[in-house]
Amino acid sequence: MYQDMFPNTAALDIKKLLNKCPQCVYAGFDPTADSLHVGNLLVIINLLHWQRGGHNVIALLGGATGYIGDPSGRSSDRIAISSDVIANNVHSIRSNLETVFENHKKYVCSEGEDKLKPVRIVNNDDWFQIGGSDQMGNISAGHELISRTVKKDVYGLTLPLVTTEEGDKFGKSAGNALWLDAKKTSPYSLYQYFIRTKDSDVERLLKLFTFYSLGEIKDIMFKHKQHPEERYPQMCLAEQLTTLVHGEEGLAKARQATGAIYSKDVKSLISLSSTDLEQVFEGAPVVNLLLSPGITVLKLGMLAKCFPTENDAMRIIEAGGFYINHQRIKNINEVVTESAHILPNLISLLRVGKRNYYIIKWQT
């Protein structure tokens with residue numbers, strides 16, 4: 001899990017310290033957005049490992065350093081953030097951290113809650129800090145300061161960055177963030193991201209992001225070799241991470257949403273709210289329509305802008321390429337009714353072809 005340690009003797013010294021009295025470990029989180037993201041998750045999981053080992057853990061919110069910024073790995077300066085925005089971001093990130101630590105204690109940790117020392121979440125707006133221009137620079141500066149002032153041994157650790165397939169940093173700056181806030185990234189989207197993990201990456205991610213032992217991971221990968229089509233390691237990864245971030249309720253929602261897409265069963269759609277549907281079919285156009293008598297399937301398709309022309313609509317519908325709530329509709333003159341075509345939540349899910357979805361919100 002560790003990429004670098006500071007100073008050079010840290011690897012040997014830390015092993016000795018772990019067997020002595022509980023240590024104190026902290027990690028900092030920058031309030032540059034109103035949620036943490038998957039790029040931060042590995043750091044949080046590492047703090048959880050220290051907590052599970054009986055150590056004291058501090059999550060540091062950068063209420064003060066948020067004004068200064070941290071341009072590490074960037075070619076441009078970070079835009080200044082107002083005090084109101086920083087205060088809101090700090091509040092939201094504190095909520096992210098409290099949720100993950102609580103979900104871990106309730107749903108993931110099997111060692112008993114009594115063993116876990118409570119996490120301390122503090123804000124460095126309460127004091128002044130100084131540091132270098134990148135993370136290792138900050139760590140070495142802190143090491144030098146503490147060594148000189150209190151004459152004690154202190155160590156810095158860095159973790160590998162989570163990256164995309166192209167090797168880019170997987171964080172909010174790249175525009176592809178998976179947020180820990182359910183309002184910004186749904187439990188379904190988080191779950192599906194890890195379900196789609198490549199076979200070549202999944203073992204490493206299980207070691208980094210879950211609390212399975214190495215022996216358990218070996219067994220998981222053995223099952224995968226027997227039946228790779230079942231994607232068992234990916235499911236283990238997705239389920240534990242979704243539970244950690246969103247709790248058992250969030251995992252249940254992710255499973256419901258998965259069923260809504262892949263089971264092709266109208267019953268699975270009924271279990272989802274209109275908000276859930278919009279999150280599941282992210283990017284699908286949402287159209288508000290007044291429910292009035294006599295709307296035909298052809299007219300519905302045109303009102304929802306599913307087809308460029310009426311001729312295209314007639315051709316595709318009659319050929320069997322149009323669906324309402326997973327049910328194929330081929331009759332262009334079939335009249336839309338509440339009982340046959342509209343879900344109890346006053347939603348209709350339209351599909352053209354294999355993957356072009358449209359959400360209709362009916363107004364009565």
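Okay, before anything else: it's a predicted model, so local features need pLDDT of at least 70 and side-chain atom pairs count only at pLDDT 80 or more, while totals for chains, interfaces and linings use all residues. Residues are numbered from 1 along each chain as its sequence is written, and side-chain values use heavy atoms, leaving out hydrogens and water.

Let's start with the sheet. Five strands make an open sheet with mixed pairing, in the order β6-β10-β9-β7-β8. Strands here are DSSP E runs of at least two residues, helices are H or I runs of at least four, and both are numbered from the N terminus. Two strands pair if DSSP finds at least two bridges between them. At the edges you've got β6 (286–290) and β8 (327–328); each has a single partner strand, so one side of each has no neighbour in the sheet. β8 runs antiparallel to β7 (residues 322–324), and two bridges join them. Look for Y323, which sits opposite R328 in β8.

Next, M314, in helix α12 (residues 310–318). Leaving aside residues up to four places away in sequence, M314 touches L298 and I332, where contact means heavy atoms within 4.5 Å. M314 and I332 are 18 residues apart in sequence, yet their C-alphas are 6.6 Å apart.

Last stop, I146 in helix α4 (residues 135–150). At 33% relative accessibility, I146 is partly exposed too.

Notes. Buried < 20%, exposed > 50% of the residue type's maximum accessible area, 1.4 Å probe, protein only.
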